[in-house]
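Please read this briefing alongside the sequence and the model. The points are grouped by topic.

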Amino acid sequence: MQITIENTGSHGFFINYQNFDVLIMPGESRCFDVSGDFSFEVKHIKSKDDFVFITLLDTMISYERTRTELKVNGKYTFSNDKENNTIKIRSYEYVVDKYVSYKAFVFCCDHSKLRCTQYEVHEKEAVLKKCKFLYLISGGNILLPICLCLLFFSLICILMNVNQDESAFLTIVSAIASILLFINYLRRLNLLKKLLLENSISNYMMSSRKEKRTLEDKEMEKYLGDNTDKGFYW
């Protein structure tokens, strides 16, 4: 039996079959001779070094937190008794939260014959490490280090008996603001950790996949031409 995998998206990916990686770029296709079920893995291309400080500078200037895109790799099994089969694959960004999205692979084929056996976030540890830093001092949370500095300054003023009333007021305000901002930081980080789990990915992909897309997202989707292939992707 021959299986043809066609990349109909705008990004390249790897097909891992029998422990060998095959790169398929946009518009390309590869054929695989198989006997029985076709078990394979679809993987994103390894990311280049992220420009963390450029991203940070952008979010600080725009006062917004950049949305974290979690690239999802998957292992699949395809079974069919036909001699020739074609599986069309492309990537799609599911906006599962205002600040987090899944960049997952979607397929155009007889979906009753294709099932996923495992999901995994691409470079998960690196993503989490980067976001621990970016979530702390980007977007609205840029106020957290500022509030901490004000808190430290006001405490020094109190110890030195400088403007006691004003320093006490500044201490209270900066302390409350720091606590609230740090709680928000922990909440966002815990949500990210939850969305990194395979169970969370699997539950979302098995659901109706409701999204929190903005008007800008929809316009960008049209611009990228993701709807040029009218086949049914799932």
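**Briefing**

Glutamate 28 has a relative accessible area of 30%, so it counts as partly exposed; buried means under 20% relative accessible area, exposed over 50%, and partly exposed in between (1.4 Å probe, protein chains only). This is a predicted model, in which local features need pLDDT of at least 70, side-chain atom pairs count only at pLDDT 80 or more, and totals for chains, interfaces and linings use all residues. Residues are numbered from 1 along each chain as its sequence is written, and side-chain values use heavy atoms, with hydrogens and water left out.

**Salt bridges**

- The whole structure contains five salt bridges, each a side-chain nitrogen of Lys or Arg within 4 Å of a carboxyl oxygen of Asp or Glu.
- Glutamate 28 pairs with arginine 30, with 3.3 Å between the closest N and O atoms; arginine 30 is partly exposed at 31%.
- Lysine 103 and glutamate 69 form another salt bridge, with closest N and O atoms 4.0 Å apart.
- This pair links distant parts of the chain, 34 residues apart: lysine 103 lies in strand β8 (residues 100-108) and glutamate 69 in strand β6 (residues 68-78).
- Lysine 103 is buried at 12% relative accessibility, whereas glutamate 69 is partly exposed at 31%.
- Glutamate 211 meets arginine 213 in a salt bridge of 2.7 Å, N to O, and glutamate 211 is partly exposed at 29%.

**Overall fold**

- The protein has six helices and nine strands, taken from DSSP runs (helices H or I, at least four residues; strands E, at least two) and numbered from the N terminus.
- Of its 234 residues, 39% are buried.

**Hairpin**

- Strands β2 (residues 13-17) and β3 (residues 20-24) run antiparallel and are joined by five bridges; strands pair if DSSP finds at least two bridges between them.
- Phenylalanine 13 has isoleucine 24 of β3 as its bridge partner.
- Two residues separate the strands of this hairpin, and glutamine 18 there takes a positive phi near 55 degrees.

**Loop valine**

- Valine 162 sits in the loop between α3 (143-159) and α4 (164-195).
- Valine 162 is partly exposed, at 34% relative accessibility.

**Cysteines**

- There are zero disulfides in the structure, a disulfide being a pair of cysteine sulfur atoms within 2.5 Å.
- Cysteine 131 is buried at 2% relative accessibility, and cysteine 157 is buried at 11%.
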